[in-house]
Amino acid sequence: MAMTIICNPRYAAWHDFLLTLPQRMDREGEAVFEGRNLIKDFPAPDGSKVVVKRYKMPNFFQRIAYSFFVKGKAKRAFNNAQELARREINTPEAIAFIECRSCGWMGYSYLFTRYDDKAPIVDKLSMDENFDKPFATALASFFATLHERGIIHHDLNNTNVRYSQQADGSYVFSLIDINRMTCYEKDTQPPLKQCLKNLTLYGDICPMYKFIGHEYIRFRHLPEDTFKLLIDVKEAHDRHWHRKKRFSHLWHRIFH
């Protein structure tokens with residue numbers, strides 16, 4: 001098994017340390033998430049924490065694609081983290097990535113980032129009328145900034161957007177799970193319909209969602225009738241999502 005490592009130049013001195021982590025993933029480190037992918041924290045050489053994400057073994061078709069035609073998930077996430085930093089969008093700093101190959105075929109891949117203790121926004125989302133309006137306004141501003149800087153995160157859900165509150169009461173947001181992302185050319189914004197579709201993933205239609213929608217439109221200086229289009233796009237997305245869920249449940253009842 002051959003391992004290829006690409007390091008952020010700032011962490012070149014960690015090269016040998018990082019190469020030891022794939023072999024240590026199953027028996028060491030503090031688990032952050034164990035599922036399709038495995039995420040663990042390890043003590044870093046400077047006394048801080050390094051987060052290691054091991055992407056699941058690609059299936060047959062993915063192995064062909066990642067081996068010969070498209071960038072693997074760890075490489076995409078590493079490149080996207082650097083692009084977000086250039087556009088001044090917060091994300092845990094990328095340290096390095098490793099790709100493991102056997103006879104040229106892609107196996108496991110690993111992404112190494114700095115530790116970030118921000119919490120998922122799901123903790124602050126509310127379905128009732130008594131939601132946190134300053135937080136909702138700040139979140140709408142973040143979404144507007146994201147799109148104005150040409151970024152579409154294709155899994156912009158309520159756990160992949162993180163937040164922290166500063167001493168002055170303001171909020172700072174960041175993105176994780178960034179291997180699926182589109183970066184438009186500098187000074188080029190995504191089409192409006194794509195932006196509105198991007199806002200369908202983080203929550204359900206409720207007073208807070210509608211408030212964030214209005215604030216997003218205000219921050220982007222869009223026409224007021226954009227709100228109706230936003231709700232239409234959201235309702236269409238939710239209908240499609242519920243149809244898929246019903247079909248999935250039916251499939252499992254029949255075949256399991």
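Strands β7 and β9 (residues 161–165) run antiparallel and are joined by 2 bridges, where strands are DSSP runs of E of at least two residues and helices are runs of H or I of at least four, numbered from the N terminus, and where two strands pair if DSSP finds at least two bridges between them. Within this pairing, proline 120 has arginine 162 of β9 as its bridge partner. The two strands belong to an open sheet of 3 strands, ordered β7-β9-β10, with antiparallel pairing; β7 (119–120) and β10 (171–175) are its edge strands, each of which pairs on one side only. The model is a predicted one, in which local features need pLDDT of at least 70 and side-chain atom pairs count only at pLDDT 80 or more, while totals for chains, interfaces and linings use all residues. Residues are numbered from 1 along each chain as its sequence is written, and side-chain values use heavy atoms, with hydrogens and water left out.

β2 and β3 are joined by 4 bridges and form a hairpin with 3 residues between them; here glutamate 30 has aspartate 41 of β3 as its bridge partner. β3 also pairs with β4 in the antiparallel sense, over 6 bridges, with phenylalanine 42 bridged to valine 50 of β4. This second hairpin has 5 residues between its strands, and glycine 47 in the turn has a positive phi of about 95 degrees. Of the 6 residues of β3, 5 are buried, buried being under 20% relative accessible area, exposed over 50% and partly exposed in between, for a 1.4 Å probe and protein chains only.

A pocket is here an open set of points on a 1 Å grid over the protein atoms alone, where a 1.4 Å probe fits and protein lies on both sides within 12 Å along at least five of seven lines, and lining residues have an atom within 4 Å of a point. The space in the largest pocket is about 940 Å³. Its lining consists of 32 residues, and Ile39, Lys53, Asn160, Ile176 and Asp177 lie nearest the centre.

Serine 109 is located in strand β6 and counts as buried because its relative accessibility is 7%. Beyond its neighbours within four places in sequence, serine 109 is in contact (heavy atoms within 4.5 Å) with Lys53, Arg54, Tyr55, Ala74, Ile98 and Glu99.

Apart from residues up to four places away in sequence, phenylalanine 143 touches Leu156, Val161, Leu199, Tyr202, Ile212 and Tyr216.

Threonine 200 lies in the loop between α5 (192–198) and α6 (207–219) and is buried, with a relative accessible area of 3%. Residues up to four places away in sequence not being counted, threonine 200 touches Tyr209, Val233, Lys234, His237 and Asp238.

Key. Grid points are joined across faces, edges and corners, and a volume is the space filled by probe spheres set on the points.
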